[in-house]
Amino acid sequence: MRALCWNGVNDLRVETVPDPEIVNPHDALLRVTMSTTCGSDLHFIDGYLPTMKAGDIIGHEFMGEVVEVGRDVKKVKKGDRVVVPSFIVCGNCWYCDHELWSLCDNTNPKPEYQQVAFGYPTAGIYGYTHAFGGYAGAHAQFVRVPHADNDCFLVPPGLRDEKVIFLSDAAPTGYMGADFCGIQPGDTIAVWGAGGVGLMAMRSAWLMGAGRVIAVDRFPERLAMAERFTGAETVDYSQVESVVDVLREMTGGRGPDACIDAVGMEAHGTGPGYAYDRAKQALHLHSDRGQALREAILACRKGGTLSVLGVYGLMDKFPFGAIMNKGLTLRTAQQHGQKYMHRLLDHVVKGELDPSFLATHHFSLEDAPRGYEFFKQKKDGCVRAVFTS
Amino acid sequence: MASSRTTTALREIRSRGEESWGEVRSGQWSKAASAVVAGTLMSLGLRRRSLGGTVVALASGALLYRGLQGRKAHRPAAGRETRHGHAVEVEHTLTVRRPAEVLYRLWREPSTLNLLMVDFAQVTTTADGATHWEIQEALGRTLSFDSRVVEDHPPELILWESTKDSAVKTQGWVRFRPAPADFGTEVTLHLALSPPGGVVVEALAKRMRAIPAMRAMKVLRRFKSLAETGEIPTLDHNPSARVRAD
C-alpha cells in the first residue's frame with residue numbers, strides 16, 4: 001500500500017510499504033477514507049519529540065471502512081463506516097474502566113520509554129513515536145486498529161467524512177479541555193491557539209454554558225474563523241503589549257474563569273521571553289517554548305482553572321508559584337476520546353457541532369508531504385489539511 | 001492467614017536461595033549469564049546500530065534499575081555479593097485487574113511462559129513436566145536448559161529453579177497478593193542471575209543489571225495484558241518503510 005513516512009527531521013515522503021494484517025484476535029483492518037494533519041505531528045517532524053524511526057508511517061486522526069476483523073471482534077463488522085480515536089484502548093484495564101482512556105495500561109508495546117520518562121507508560125497512539133507504541137500511522141491506504149470493539153465508533157448515516165473526521169482527535173481534545181474547566185453558566189473561557197483543537201474547545205465551551213469565549217492567536221484568518229464559526233471574541237497577541245493586561249481589562253479586572261492552552265511546546269510569542277525559549281530550543285538545550293502556557297497561568301483569575309491540551313516535553317522557567325499562590329486548579333490529559341465520542345456524534349447529528357470548517361485544504365495521500373507543508377507554514381490560511389487516497 | 005503463609009514461604013525460599021547460590025561459581029554460569037545478557041540486548045533492539053536507541057535503552061534500564069533498587073523487598077544483605085559472586089537479583093511489581101486465582105492459573109498454563117518470553121526465549125514443557133528454555137545467543141548459538149517448579153503455594157506463589165543436571169542454573173519466583181479497592185492483584189516477579197567470570201565481564205555484568213530489570217518489567221507487562229485483555233500488544237507485521245517491523 002502507499003503511506004506517508006517520516007524519514008528524518010522535516011523529511012516526509014509517500015512510499016510503498018507492506019499492507020497491515022490482522023495480528024491479534026481483537027484487531028480490525030480499516031481502509032482509510034480520510035485522515036488529517038495534527039499540530040502535535042509537527043513536534044516530531046521538527047525533531048523536538050524523540051523516539052521516531054526512519055520509515056515510520058505517521059498520522060493518528062482518521063476514519064475509514066472496516067475491511068476485515070479478527071476472530072474475537074464482536075461488535076464491529078466488515079463494511080462498517082467508523083471513526084477511531086487516536087489513542088488505542090483495551091477497554092478492560094482499571095484506567096479504561098474509570099474513563100481515563102488515554103492512560104490505558106494495555107496498548108503500548110514499548111512501555112520502557114515512558115516508564116522512564118513519565119514514571120508509568122500511557123496508551124499507544126497510531127503513528128506517533130515509539131514512546132507511544134510505534135504503531136503504524138493512518139496516513140495510509142489501510143491501518144490496523146487493535147481492540148476494534150472499543151476503538152471503532154460507527155458513523156451515523158448521512159454524515160460526510162469532513163463532518164466526522166475531527167471527532168478522531170481535534171474535537172474530543174477540545175471538548176475535554178472545555179469539560180476540564182467545570183464551566184458554570186456565564187463563565188468566561190479564554191483559549192490560547194485557534195487551530196483545530198482550540199477552535200473545537202471554543203465551540204465546546206459554548207455548548208457547556210460559557211457566557212464569553214475569548215480566542216488568543218496571531219493569525220488573522222484563524223482569529224476570523226474563531227469569530228465566525230465559534231462566536232468568540234479575539235485577541236491578536238502580536239498587536240498588544242501584554243495579553244495578560246488585555247484579558248484582565250476585558251474581564252473587569254478579574255481574569256478569565258478558566259484558561260485553555262491549545263498550543264503546546266512550539267508556541268510563538270513576542271518579547272524577550274520568547275527569544276529566550278526560541279534560542280534554547282534551537283540549541284537543543286531544552287525542548288519546549290512555553291509562552292502560551294505561561295500567559296495562561298498569569299492571566300487566569302484567582303481560584304480559576306487551567307486546562308492544558310498542548311503537548312509538552314520538558315520546560316524551564318515555569319511559573320509554578322503563580323499556580324500555587326493563586327490557587328489554580330490544573331487539569332490536563334491526552335484526549336480521552338472514547339469518553340466523549342457518543343456525545344460528540346450526538347452534537348453533530350443534531351447540528352450543534354460542525355467541525356467540517358477546519359478542513360480548509362484537501363490533498364490526495366500522494367500529495368501529503370505538500371499538505372504538511374501547507375499546514376506547518378499555515379500557507380493560504382491552512383488550518384487542517386485532510387488526505388484522501 | 002494468607003499473608004503470613006506467604007511470608008513463611010518466602011523465608012524458605014531465601015534459605016534455599018542461599019544454598020543454591022553456593023554453587024554458582026561454575027563455568028556454565030558465565031555462559032548462561034552472557035547468553036541472558038546477549039539475548040536481552042538483542043530483544044531490546046540494541047543490535048540495530050542506532051546509537052540513539054542504544055543510549056535510550058541503556059539509560060532507561062539504568063534508571064529503571066535504580067527505581068527498582070529503591071523498593072526492593074528482599075535486597076541481599078551487604079557482603080552477600082562478595083560471598084556468592086555478584087549475584088544479580090531483580091524484582092518488579094505490577095497490579096493486574098484479575099483475582100489471584102485466575103492469575104495463578106494463567107501463569108501455570110503451559111503456553112503462557114512462551115508468550116511472555118517470545119522475543120527472548122522459546123519456552124516449552126517437557127514430557128516429565130519440566131520447563132525447557134531455549135535462548136538465542138548473539139552469535140547464532142542456542143543455549144538450552146530445564147527448570148522445574150520447586151515451591152508451589154496456589155494461588156500465592158510459584159518458585160522455579162533450573163534442574164540439577166541442567167547445564168545452566170537460574171531461579172525465580174512470582175507472587176500474587178490482593179491489591180486494595182478495585183485494583184485487582186499485585187504481581188511481583190523476582191529473577192536471580194549470576195554474572196560471568198572474569199574481571200572485565202563481571203564489571204560489565206554489574207553495569208548490565210539494568211537489562212534483567214527491564215526484562216522483568218516487560219514480562220510482567222505482557223502478563224498483565226494477556227490476563228486483562230486476552231492478547232499482548234505487538235508490532236508484529238507493523239508496516240513501515242523499514243525492513244524490520246518494529
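In chain B, helix α8 (residues 210-229) lies across strands β1 and β7, and its direction makes an angle of about 25° with that of β1(B). This picture, like everything below, comes from a predicted model.

Chain B has an open sheet of seven strands, and reading across it gives the order β1-β7-β6-β5-β4-β3-β2, with antiparallel pairing. At the edges stand β1 (88-96) and β2 (121-125) of chain B; each has a single partner strand, so one side of each is left without a neighbour in the sheet. Neighbouring strands of this sheet are turned by 20° against each other on average, direction ignored.

As a reminder, strands of a sheet pair through backbone hydrogen bonds, either parallel or antiparallel.

Stepping back to the whole of chain B, its secondary structure comes to eight helices and seven strands. Of its 246 residues, 39% are buried. Take the contacts in chain B between residues at least 6 apart in sequence: 59% of them join residues at least 24 apart.

Strand β17 (residues 359-364) and strand β18 (residues 384-388) of chain A run parallel and are joined by five bridges. One residue to look for is Ser364(A), whose bridge partner in β18(A) is Thr388(A). Together with helix α14 (residues 368-377) of chain A, β17(A) and β18(A) make up a β-α-β unit, and this unit is right-handed.

Finally, how do the two chains meet? Contacts between them involve 36 residues of chain A and 26 residues of chain B. On the chain A side, β1 (2-6), β4 (56-57) and α3 (111-117) each supply at least two residues. The largest share comes from α3(A), with five residues. Sorted by class, the side of chain A that touches chain B has 18 nonpolar, ten polar and eight charged residues.

Notes: Residues numbered from 1 in each chain as written. Chains lettered and ligands numbered in written order. Predicted model: local features only at pLDDT ≥ 70, side-chain atom pairs only at ≥ 80, totals over all residues. Pairing = 2+ DSSP bridges. Helix = DSSP H or I, 4+ residues; strand = E, 2+ residues; numbered from the N terminus. Right-handed = clockwise from strand over helix to strand, strands pointing away. Buried ≥ 20, exposed ≤ 12 C-beta atoms within 10 Å, placed from the backbone. Contact = placed C-beta atoms within 7 Å. Axes fitted to C-alpha atoms, helices over the stretch in contact; angles between N-to-C directions. Nonpolar A, V, L, I, M, F, W, Y, C, P; charged D, E, K, R; others polar.
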